[in-house]
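Morning, everyone. Please bring up the model on your screens. I'll go through the strands, then the helices.

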Amino acid sequence: MQKKKEMIAMLLAGGQGSRLGVLTAKMAKPAVSFGGKYRIIDFPLSNCINSGVDTVGVLTQYEPLRLNSHIGIGVPWDLDRNYGGVTVLSPYERSENSDWYTGTANAVYQNISYIETYNPDYVLILGGDHIYKMDYELMLNYHKAKKADITMAAMPVPIEEASRFGVLVTDPETGRITEFEEKPEHPKSNLASMGIYIFNWPVLKEALITNKDVPGLDFGKHVIPYCHGKGNPVFCYEYNSYWKDVGTLQSYWEANMELIDLVPVFNLYEEYWKIYTNNDLTAPQFFDDNAVVERCIISEKASIYGTVKNSVIGPNVTIGPGAEVYDSILMGNVKIGENAKVYKAIIAEDSVVGAGAVLGYGEYRESTYNPKVYCSDLVTVGECSVIPPGVTIGKNTAIYGITEAEDYPNGGLESGNAVIKAGETL
């Protein structure tokens, strides 16, 4: 008989992340690049191994190929274990009741047999799309000390933003949760759920099986209220350090820019809590004699010939002579042509900006394409896109695919517009 695990993690990484627009047209949100050489999922995976959690099930669904390839067998995170380690769990055909994952808790329900393999005392539920560092062992110790059935991590947020989250009301003496509302219109508290839960496994298993037929079975909407309603002791673990939901283009851009602050609120360079990633690039950066670089993160194998300021530059990026890049995020293998100007843009992997092109000119205008997703000054360019030489592109715009000069009437794209020539529109 194989030995049991005290706690295993189930990492929910299947979301489309549609609010990131063209950045997630062909990949799950947790696979999106972050901070130069990292991907978003690197942060919860690194938190697991740094916290002593060596068994992680990663639940994928939407466009999982890039994510699966990045995780592999878990070597960079020391999760390549004979017993435990990291396992990618995609939906699969069953003899009956075959289905896609229809909600966060439904995804875990469909993998009860995986959890039972390790006979854990506790199950840690994590999202795959947040940037933070957290010691889950400290949270587990709190869970044990409180004799809780469920512990929810939460953090204070401005009260005007609380309606975006699940909101907790707690007993100030004990920390026990007395009320829980998912995205309330009029929040009674500013304690927001982080989507990080520790369950006693028997409690979670019973809740999942009892509610298995609930459409879109979700932790915040169904499982937590069910357990709370039954009287299970549910406690709040308050977290007061850096945590960022990078689910929108603006928040994603802001989180990257915070990395290059003179005193960054989120430090990638701490020895005692490293962030690990799958990165086999070993070639050094190259800076031409005429290059100008100020307050940037520059990843391996990048070649800088022009001017780069206040930006995050991914691996194998080339910025040509005379080019200027300001306040931008360039992911891996992006090429910026000679004398091109890039202002406040997010440019995804393997994209090319032609010589003399200008991105981010003019005044902000509301998007005529998708105002719920595109609602900031940013120019957003999807992966493998090509912007021809000499065109001028305004603010709050989206480009996706191999575009040509004729796609830009009068040589430009006005603010608030989009050119989409690849894949599904977003």
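Which residue in β31 is the bridge partner of V381? It is I399.

Some ground rules before I go on. This is a predicted model, where local features need pLDDT of at least 70 and side-chain atom pairs count only at pLDDT 80 or more, while totals for chains, interfaces and linings use all residues. Residues are numbered from 1 along each chain as its sequence is written, and side-chain values use heavy atoms, with hydrogens and water left out.

Back to that pair. Strand β28 covers residues 379-381, and strand β31 covers residues 397-400. They pair in the parallel sense over three bridges. Strands pair if DSSP finds at least two bridges between them. Strands are DSSP runs of E, at least two residues; helices are runs of H or I, at least four residues; both are numbered from the N terminus.

Now the whole sheet. Seven strands form an open sheet, in the order β16-β19-β22-β25-β28-β31-β33, with parallel pairing. At the edges sit β16 (297-298) and β33 (418-420), each pairing on one side only.

There is also an open sheet of six strands. Its order is β14-β17-β20-β23-β26-β29, and the pairing is parallel. Here the edge strands are β14 (286-287) and β29 (386-387), and each pairs on one side only. Look at β17 (residues 303-304) and β20 (residues 318-319): they pair in the parallel sense over two bridges. I304 stands opposite I319 in β20.

Next, strand β4, residues 55-59. Five of its five residues are buried, meaning under 20% relative accessible area with a 1.4 Å probe, protein chains only. Both faces are covered: T55, G57 and L59 on one side, V56 and V58 on the other. What pairs with β4? Strand β1 (residues 7-12) does, in the parallel sense, over four bridges. L11 stands opposite V58. Strand β5 (residues 85-89) pairs with β4 too, parallel, over five bridges. There, G57 has T87 as its bridge partner.

Last, two helices. The axes of α6 (residues 201-210) and α7 (residues 219-230) come within 10 Å and cross at roughly 115°. That makes α6 roughly perpendicular to α7, a label for angles of 65 to 115 degrees. Axes are lines fitted to C-alpha atoms over the stretch in contact, and angles run from 0 to 180 degrees between N-to-C directions.

Who touches whom? Contact means heavy atoms within 4.5 Å. V203, L204, E206, A207, L208 and T210 in α6 meet F219, V223, Y226, C227 and K230 in α7.

Terms used: Angles under 35 degrees count as roughly parallel, over 145 as roughly antiparallel, 65 to 115 as roughly perpendicular and the rest as oblique. Buried means under 20% relative accessible area, exposed over 50%, partly exposed in between (1.4 Å probe, protein chains only).
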